[in-house]
Amino acid sequence: MTSAVEAPVQAVELLIRDAELLVVDGGREIPGGWLAVTGDRVTAVGRAGSEPEARTTVSAAGRLVTPGLINTHHHIYQNLTRSYAPAVNGSLFDWLTTLYPLWAGLDEEAAYVSAYVGMAELLMGGCTTSSDHLYVHPRPRLVDAEIRAARDIGFRFHATRGSMTRSVDDGGLPPRSVTQTEDDVLADSERLIRTYHDPEPGALVRVALAPCSPFSVTRSLMTATAALAERHDVRLHTHLAEDHDEDTYCLETYGCRPVEYFEETGWMSDRSWVAHCIYPNDAELSRLAAAAVGVAHCPSSNMLIGGGTARVREMRELGLPVGIGCDGSASTDHASLWLETRAALLLGRYRGGPGAMTARDALDIATRGSARCLGRADELGHLRPGACADLVVWDLHEVALAGAVSDPVEAWLRCGPARAWTTVVGGRILVDHGEPRLPGLADALRTHDGIARRMQGAG
């Protein structure tokens, strides 16, 4: 039972009021609810008729309000090569080897504008926090450029310092132009942590360490990275069990399957979350669950590349933290967390039947599940008083909603398309009436277009 006001109301800077339904968390929903924000925190929630006065008021009349969605796996720079025709019908390994030479052109300017545009797109799709896995480093300080874009926007960002050290010359897939030495990777990883990682509550920028995959880095780098993360108390991220070719590669190269290799190199802990995780067997899935390893479920990317899909229902039943990931802007070709959450709903029901996944389950994965993957379940993924003030007021056109009168949460994912009408990050309105409030967006888009055309040889 929800009380009229769930916390003492301080001097209120932002009030979201008159929501058709306010989803506080997976167990609490308030019809006609309101939410008060002071500074960067939620200070109170309540029912209609008990609203406080506020400096700024946003009407959510007739609309659903939820916690901001959280993206646990992305490659933002890839929006420079979206829908690249020579790669769209290839397998995962074909797709990678086609695009690696293009990504060798990435520089600081390209990393900045791709991040700026990508974060704008994420905000429009209801995402308020995103990780990003930047693992090609043909030039230095690319992660710095992404973090600069996030700070310019005011976006909540978990930068993951990716890496590749095994080029095609060493039996890997990428060309030498996008790989680095182990010493360079570790030195830059430590520099980024010391320069940017903010461990404090409410942090807008955090850093994690993220060797790309078992087939693109050496065993020694995997082991050294795990030790470095332990020393600095940061999180670990990588791709794992994404493709059958990965099984073959690990057996031939390391004499074991990917999950066993993951464990042997010191990664089997609650510090880690992994992308995809499609092909672990039952015993491996149980070992991952026992260690509380998180999983970034990337439904659209896996379908587009034809790579199967994670066993999300079984993972959640075993207790694994499962979140949502957009994955690469050149495989998924969009950065809408709403669309990914809807895809998770559809895939869950397709795999397990109509009772296997509800809209509320999918929303829980995209909010609380994702927050667990990033180690921030205390302050992200819910709207209880004290949480970071990251939220979305959703908009569906009245034509799309015609007849949907019984359940706003189910209608949010079943009907559509939905877009963010208002997106708030840390108490700041970054999308208003469906449009980003980002003064640098027009310039970023122009620069982005020029770089994308040059990178793709499109003139």
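Guide: The axes of helix H2 and helix H15 (residues 441-456) come within 9 Å and cross at roughly 125°. An angle of that size makes H2 oblique to H15. The crossing is left-handed. These values, like the others below, come from a predicted model.

On the H2 side, the contact consists of Glu 109, Ala 110, Val 113, Ser 114, Tyr 116, Val 117 and Ala 120. On the H15 side, the residues are Leu 441, Ala 444, Leu 445, Thr 447, His 448 and Ile 451. Sorted by class, the contact of H2 with H15 has 9 nonpolar residues, 3 polar and 1 charged.

H2 also has a sheet to pack on. That sheet is open, has 7 strands in the order E3-E2-E7-E18-E19-E20-E21, and its pairing is mixed. At its edges stand strand E3 (28-31) and strand E21 (435-436); each has a single partner strand, so one side of each is left without a neighbour in the sheet. Helix H2 (residues 108-124) touches strand E19 (419-425), strand E20 (428-432) and E21, and its direction makes about 110° with that of E19.

Elsewhere in this sheet, strand E2 (residues 21-25) and strand E7 (residues 64-67) pair in the parallel sense over 2 bridges. Within that pair, Leu 21 stands opposite Leu 64 of E7. In general, strands of a sheet pair through backbone hydrogen bonds, either parallel or antiparallel.

Most residues other than glycine have a negative phi, and most peptide bonds are trans. Asp 18, in the loop between strand E1 (12-17) and E2, has a positive phi of about 65° although it is not a glycine. Asp 18 counts as partly exposed because its relative accessibility is 31%. The other case is the peptide bond between Gly 416 and Pro 417, which is cis, with omega about 5°. Pro 417 sits in the loop between helix H14 (408-414) and E19.

A further positive phi, about 55°, is found at Asp 233, again not a glycine. Asp 233 belongs to the loop between helix H5 (219-232) and strand E13 (236-240). With a relative accessible area of 56%, Asp 233 is exposed.

Helix H3 (residues 142-153) and helix H4 (residues 182-196) pack at an angle of about 20°, with their axes 11 Å apart. H3 and H4 are therefore roughly parallel to each other, and their crossing is right-handed. H3 contributes Val 143, Asp 144, Ile 147 and Arg 151 to the contact, while H4 contributes Arg 191, Leu 192 and Tyr 196. By class, these are 4 nonpolar and 3 charged residues, with no polar ones.

Next comes a covered strand. In strand E11 (residues 156-163), 8 of 8 residues are buried. In a regular strand the side chains alternate between the two faces of the sheet. For E11, Arg 156, His 158, Thr 160 and Gly 162 lie on one side and Phe 157, Ala 159, Arg 161 and Ser 163 on the other, and all are buried, so both faces are covered. Strand E10 (residues 127-134) runs parallel to E11 and is joined to it by 6 bridges.

Two single positions differ in how accessible they are. Ser 301, in helix H9 (residues 299-304), is buried, with a relative accessible area of 1%. Leaving aside residues up to four places away in sequence, Ser 301 touches Cys 326, Asp 327, Ser 331 and Thr 332. Gly 355 lies in the loop between helix H11 (337-352) and helix H12 (359-373), and counts as exposed at 65% relative accessibility.

Notes:
Residues are numbered from 1 along each chain as its sequence is written. This is a predicted model: local features need pLDDT of at least 70, side-chain atom pairs count only at pLDDT 80 or more; totals for chains, interfaces and linings use all residues. Side-chain values use heavy atoms; hydrogens and water are left out. Helices (H or I, at least four residues) and strands (E, at least two) are DSSP runs, numbered from the N terminus. Buried means under 20% relative accessible area, exposed over 50%, partly exposed in between (1.4 Å probe, protein chains only). Two strands pair if DSSP finds at least two bridges between them. Contact means heavy atoms within 4.5 Å. Axes are lines fitted to C-alpha atoms, for helices over the stretch in contact, and angles run from 0 to 180 degrees between N-to-C directions. Angles under 35 degrees count as roughly parallel, over 145 as roughly antiparallel, 65 to 115 as roughly perpendicular and the rest as oblique. A crossing is left-handed if the near helix is turned anticlockwise from the far one by less than a right angle, and right-handed if clockwise. Ala, Val, Leu, Ile, Met, Phe, Trp, Tyr, Cys and Pro count as nonpolar, Asp, Glu, Lys and Arg as charged, and the others, Gly among them, as polar.
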